[in-house]
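Please examine the model below together with its sequence.

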Amino acid sequence: MKIRSPIVSVLGHVDHGKTTLLDYIRGSTIADKEAGGITQHIGATEIPNDTIEEICGNFISKLSIKDLIPGLFFIDTPGHAAFTSLRKRGGALADLAILIVDINDGFKPQTFEALNILKMYKTPFIVVANKVDRLFGWETHECASFKETFNQQAQSVKQELDVKIYEIVGTLHKEGFQSERFDRVSDFASQISIIPISARSGEGIIEVLAMLLGLAQEYLTEQLEINENAPAKGTVLEIKEEVGLGLTVDAIIYDGVLKTNDEIALMSSSNEVLTTKVRSILRPLPLEEMRDSKKRFQKFNEVVAAAGIKIAAPNLDDVVSGSPLRVLSDKENVKEEILKEIEDITISTEDEGVLVKADTLGSLEAIVKLLRELKIPIREANIGDVNRRDIINSSIALSEDEAHGAIIAFNVGIHSNSIDDLNNSGVKLFQGDVIYQIIEEYEEWVEEKEAAKKKAFYDAIVKPAKFISLPKLVFRQSKPAIIGIEALSGTVKQGQTVINKNGEIVGMIASMEDKGETLPSISRGQRVAMAIKDAIVGKHFEEGDELYVNVSEKHYKFIEREFKDKLTEDEFETLYEFLDIKRKQNPEWGKFGLFE
């Protein structure tokens, strides 16, 4: 058995310094070359122990690590949750993670995204609080340890740093993590270490590397044991077109050995296993970056984990990012293993619910897990752009339940020939590259729908109201009775049935008029002429009588149970006057039964 380098994923919000941190460690300038200064593709770099020793000096010799851990293998991810594509059977591909936070900005949407994913996969991590050099009054000391540079800062700067650190501690506490500045941590197994650094000047990076090696040696040596003669296991990061090579696979090998001419199994976008033969293996030299030009790659006949490699092979068109990669030593068992991995994610769906689309297998898994935690049902979950079939399926879901007529699409587009279908379907598309923001938008949409439905239901319910028949304003005694009235409480509407103080039906409000204008409803204080169908003045009521809108028992129970707090004060009083009238006739009227 051999101990491999721990795989360390660097995560965080856009522009918080992930690539700059790695640039300092490997002495490169990748960050300056990125489009808009934002990482566009997943990168991987091997940092051998020699380099770590060179940076850390005496720190490493004190830890006695070199004989156990051969180095660190860093993965740099785009700002959005590309970490979700870094997976292997049973969890995350990364053994450790760095969650990088701009100490001046604090936690941002993608920081929370990364934290949720680390929590989901139970990945051990440290927090790196970057950009301390931007604190007001900070004096930079190039390449210094944090302790060394901190001791040389003014007292006001030290206090400001501590305030910022404890803001991070507070945020982590709300998210369920105990944390402390690394030099104050009492138990590394239960507390998250926060290491203040400047990725630009290198201040504090000594402690970052030492901490990662220390954690790996203390807690992960068993996990890092590999059989270097076993068939390779890996994860596909990206599929890329390379000049002179055609389509290639960027992958991480985390166990075993991969050789030229090995037959490998991968997953296709249609959730099937495809096989191909490795034509060539390209590997960046130590300290070189997988994203960089292929001129910096070297051909190898075989590689042993842990390694970031580029594979040239035929028939890669349909391979998906996040796919497992297996050498076919035993074809049937390997295929079954990959299919089982796919089924774990995609098959666990229900007869009803939302439709989920994502760019990678890992992203899909992350979304499905989050939706499950939120008890949001999933009708279907697949990889790839939104297509016509997805829209048809969501339209069916919409017809069954309005809240399920939605597509949650992470980091994918919509086929151009399906845009009109979507616009005409009534299906709602939630699209973006921050998982929890998409889900939050969906939840807000559902809440709005529920609120609108509740409002429509409330508006349709007959609510308590009463009016008085004004003396000497009887314009017609019957067929229909036409009288002058004043609304005393609530809203009186055309079509409502009216009762008198004895609970007897008077008739139905046929119309209401004011100065020749017909009114569908009136509210408290308004005076109008009212026509009441089937009513006879002098028989059903007298001039000066108060009359009540008749609320059905069913509507009364809805009001009492769900809408009581929405009634105005005058409606509330009228409701209980109305209840007294009804219970004089039937003492059980409006009471809730055992099963209501």
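H15 comprises 17 residues, 569-585, and spans 25 Å from its first C-alpha to its last, close to the expected 24 Å; the expected span is 1.5 Å times one less than the number of residues. Helices (H or I, at least four residues) and strands (E, at least two) are DSSP runs numbered from the N terminus.

This is a predicted model, in which local features need pLDDT of at least 70 and side-chain atom pairs count only at pLDDT 80 or more, while totals for chains, interfaces and linings use all residues. Residues are numbered from 1 along each chain as its sequence is written, and side-chain values use heavy atoms, with hydrogens and water left out.

The sheet is open and contains eight strands in the order S16-S15-S21-S12-S13-S20-S17-S18, with antiparallel pairing; two strands pair if DSSP finds at least two bridges between them. Strands S16 (273-277) and S18 (297-300) stand at the edges with a single partner strand each, so one side of each has no neighbour in the sheet. From one strand to the next, the twist averages 35 degrees.

Strand S17 (residues 280-284) is joined to S18 by four bridges, and the two run antiparallel; Arg283 has Gln298 of S18 as its bridge partner. S17 also pairs with strand S20 (residues 307-312) in the antiparallel sense, over three bridges, and here Ser280 stands opposite Ala312. In a regular strand, side chains alternate between the two faces of the sheet. Both faces of S17 are covered, with Ser280, Leu282 and Pro284 buried on one side and Ile281 and Arg283 buried on the other.

Helices H13 (residues 435-460) and H14 (residues 553-563) provide a packed pair whose axes come within 11 Å and cross at roughly 140 degrees. Axes are lines fitted to C-alpha atoms, for helices over the stretch in contact, and angles run from 0 to 180 degrees between N-to-C directions. H13 and H14 are therefore oblique to each other, since angles under 35 degrees count as roughly parallel, over 145 as roughly antiparallel, 65 to 115 as roughly perpendicular and the rest as oblique.

Finally, the protein chain has 15 helices and 34 strands, and buried residues make up 53% of its 596 residues.

Technical notes
Buried means under 20% relative accessible area, exposed over 50%, partly exposed in between (1.4 Å probe, protein chains only).
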